[in-house]
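Subject: Structure handover

Hi,

Please open it alongside the text and follow along as you read.

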Amino acid sequence: MKKKSGTSMYDDEMLNTILAVFEEMVNILKANQNNDSLFYDSADVKRLLNISDSTLFRIRKSQDIPYVKIGRKIFYPKSFFINTLKK
């Protein structure tokens, strides 16, 4: 792929920064592969609690369970379930 003669140094710096961020993300993901994940996704929680989509939705809306939404995907911290089960 040919570079345009008008390509600025800013574009090259931006590309290098993006590549460095992706490389860091890959390294973190590789390091965490050996460890258990810190979060459950919705399917895991439904299977763990034996509940339906609508029940999980109602629990989430009533703020009885903490969650993080990243894009369209919702994650639930494992620590919440571990601590709740210990009580």
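Let me start on the surface. Tyr10, Met14, Ile18, Val21, Phe22 and Met25 make up a nonpolar patch there, and their accessible area together is about 590 Å². A patch takes in residues with over 30% relative accessible area and no salt bridge, joining nonpolar side chains (Val, Leu, Ile, Met, Phe, Trp, Tyr) within 5 Å and like charges within 9 Å. The areas come from the Shrake-Rupley method with a 1.4 Å probe, and for residues only the protein chains shown count as cover. Met25, one of the patch residues, sits in helix α1 (residues 9-33). Its relative accessible area is 43%, so Met25 is partly exposed; the cut-offs are under 20% for buried, over 50% for exposed, and partly exposed in between (1.4 Å probe, protein chains only).

Before going further, a word on what you are looking at. This is a predicted model, in which local features need pLDDT of at least 70 and side-chain atom pairs count only at pLDDT 80 or more, while totals for chains, interfaces and linings use all residues. Residues are numbered from 1 along each chain as its sequence is written, and side-chain values use heavy atoms, with hydrogens and water left out.

The overall layout

The protein has four helices and three strands, in the order α-β-α-α-β-β-α from the N terminus. These are DSSP runs numbered from the N terminus: helices are H or I with at least four residues, strands are E with at least two. Of the 87 residues, 11% count as buried. The protein exposes about 7700 Å², and carbon and sulfur atoms supply 57% of that area. Taking contacts (heavy atoms within 4.5 Å) between residues at least 6 apart in sequence, 47% join residues at least 24 apart.

The aromatic rings

There are two aromatic pairs in the structure. Rings of Phe, Tyr and Trp (its six-membered ring) pair if their centres lie within 6.5 Å; planes under 30 degrees apart are called stacked, over 60 edge-to-face, and the rest tilted. Tyr40 and Phe81 have ring centres 5.5 Å apart and planes at 70°, so this pair is edge-to-face. The pair links distant parts of the chain, with Tyr40 in strand β1 (residues 39-41) and Phe81 in helix α4 (residues 78-86), 41 residues apart. Phe80 and Phe81 are also edge-to-face, because their ring centres are 5.4 Å apart and their planes lie at 80°.

Another ring to look at is that of Tyr67: Arg60 lies over its face, at 5.8 Å from the ring centre. The criterion here is NZ of Lys or CZ of Arg within 6 Å of the ring centre and within 35 degrees of the ring normal.

The salt bridges

How many salt bridges does the structure hold? There are three, each being a side-chain nitrogen of Lys or Arg within 4 Å of a carboxyl oxygen of Asp or Glu.

- Lys73 and Asp41 meet at 3.4 Å, N to O. Lys73 lies in strand β3 (residues 73-77) and Asp41 in strand β1, so the pair ties together parts that are 32 residues apart in sequence. Lys73 is partly exposed at 40%, and Asp41 is buried at 19%.
- Asp44 and Arg47 have their closest N and O atoms 2.8 Å apart. They are about one helical turn apart because they are three residues apart in helix α2. Asp44 is partly exposed at 26%, whereas Arg47 is exposed at 60%.
- Lys46 and Asp53 meet at 2.3 Å, N to O. Lys46 is partly exposed at 22%, while Asp53 is exposed at 53%.

Two backbone details

Most residues other than glycine have a negative phi. Asn50 is not a glycine, yet has a positive phi of about 55°; Asn50 lies in the loop between α2 (42-49) and α3 (53-61) and is exposed at 70%. Gln63 also has a positive phi, near 60°. Gln63 is in the loop between α3 and β2 (68-70), and is exposed with a relative accessible area of 70%.

Happy browsing!
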